[in-house]
Amino acid sequence: MQNTSKPKNHLQWVQKQQELINSFKAQPLIVVLRPEEKDYENGPEGNLFFLIEQLCLEGIIHVEIGWSSHPNWLNLIEEIIKKFPNTLFGAASITSLIALDSVIKVGLPYSMTPSWDESLQIHARESNQVLIPGVFSPTEIQQAISFGNQIVKLFPASTLGKNYLNRIQEPLKPIPFMIAAGGILANDIEEWLDAGFGAVALGRGLINNKKFDPSLRKWLKIQSGDIQKVNY
């Protein structure tokens, strides 16, 4: 049976979700990066820092860093947060309590998990941490709604297609703020947003030989007049 009891900090947890939704509305794009072994060795001189810097120069607000069991992951994230104070960072691929606790310890405002895991959601809520669940089926979406999640991630979105939201919206109303992730390309961003998704997450294929997909730059230029400054 799903645990839907509300902890004392429930209102704060809900407010944190709403603040994150407002930020995603200001710029409905999340870029997911994954550290490589050399990034832990090179730190600020490594490729990961270079890519984040380039994203900042392009005007990207939201960047997620893939979680890793590497012993220096926490130190790497701390250095990233310090170097890029105007970027809202999150963590991707949270699948265990160890991973979630490391995100909480380093002070990231949110993280994402690839699938629905009630035990992780309970721990996140009790810790006043926003853990955006990955959902695939209407059942998982309903579980997230019942739990109190105002944000969910449809994953892998490309498998279900951008019309999936339209097909399930009526029986599941109200649909939470939904992020499309998994297999989406930069030139598809606007189509997914037009289909009703609140934001889009991009990962593999966005960067090739340290160069960003030109479709991303084009989309950002089009959106630049609509992006509002979000302060945290």
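**Notes on a predicted fold**

1. Serine 93 is partly exposed, with a relative accessible area of 26% (buried means under 20%, exposed over 50%, and partly exposed in between, with a 1.4 Å probe and protein chains only). This is a predicted model, in which local features need pLDDT of at least 70 and side-chain atom pairs count only at pLDDT 80 or more, while totals for chains, interfaces and linings use all residues. Residues are numbered from 1 along each chain as its sequence is written, and side-chain values use heavy atoms, with hydrogens and water left out.

2. Stay with serine 93 for a moment. Although serine 93 is not a glycine, its phi is positive, about 65°. Most residues other than glycine have a negative phi, and most peptide bonds are trans. Asparagine 128, also not a glycine, has a positive phi of about 60°. You will find asparagine 128 in the loop between helix H6 (118-126) and strand S5 (130-132); at a relative accessible area of 14%, asparagine 128 is buried.

3. Now look for two cis peptide bonds. One runs from phenylalanine 155 to proline 156, with omega near -10°, and proline 156 sits in the loop between S7 and helix H8 (157-160). Another joins lysine 173 and proline 174, where omega is about -5°. Proline 174 belongs to the loop between helix H9 (164-172) and strand S8 (177-181).

4. Which residues of H5 are buried? They are Ala99, Leu100, Ser102, Val103 and Val106. Seen down the axis of H5, these residues fall within an arc of 160°, so they line one face of the helix (the arc is that of the directions from the helix axis to the C-beta atoms). Ile98 and Lys105, on the other side of H5, are exposed. The buried residues of H5 pack against H4, S3, strand S4 (110-112), H6 and S5 (contact means heavy atoms within 4.5 Å). Just after H5 comes glycine 107, with a positive phi of about 90°.

5. An α-helix has 3.6 residues a turn, so residues three or four places apart point the same way.

6. Valine 152, in strand S7 (residues 151-154), is buried at 0% relative accessibility. Not counting residues up to four places away in sequence, valine 152 touches Ile132, Pro133, Val135, Ala144, Pro176, Phe177, Met178 and Ile179. Between the C-alpha atoms of valine 152 and isoleucine 141, which are 11 residues apart along the chain, there are 7.6 Å. Threonine 87, in the loop between helix H4 (73-83) and strand S3 (88-92), is buried too, with a relative accessible area of 10%. Leaving aside neighbours within four places in sequence, threonine 87 is in contact with Cys56, Ile61 and Val63.

7. The largest pocket has a volume of about 640 Å³ (on a 1 Å grid over the protein atoms alone, a pocket is an open set of points with protein on both sides within 12 Å along at least five of seven lines, a cavity is a set where a 1.4 Å probe fits but cannot get out, and lining residues have an atom within 4 Å of a point; points are joined across faces, edges and corners, and a volume is the space filled by probe spheres set on them). Of the 29 residues that line this pocket, the closest to its centre are Val32, Arg34, Leu202, Gly203 and Arg204. S1, H3 and strand S9 (199-202) each supply at least two residues of the lining. By class, the pocket lining has 16 nonpolar, six polar and seven charged residues (Ala, Val, Leu, Ile, Met, Phe, Trp, Tyr, Cys and Pro count as nonpolar, Asp, Glu, Lys and Arg as charged, and the others, Gly among them, as polar).

8. How many cavities of 30 Å³ or more does the structure hold? There is one, and the largest cavity contains about 40 Å³ of space. Its lining is made of Ile184, Leu185, Ala186, Leu202, Gly203, Arg204, Gly205, Leu206 and Asp213, which divide into five nonpolar, two polar and two charged residues.

Definitions and conventions
Helix = DSSP H or I, 4+ residues; strand = E, 2+ residues; numbered from the N terminus.
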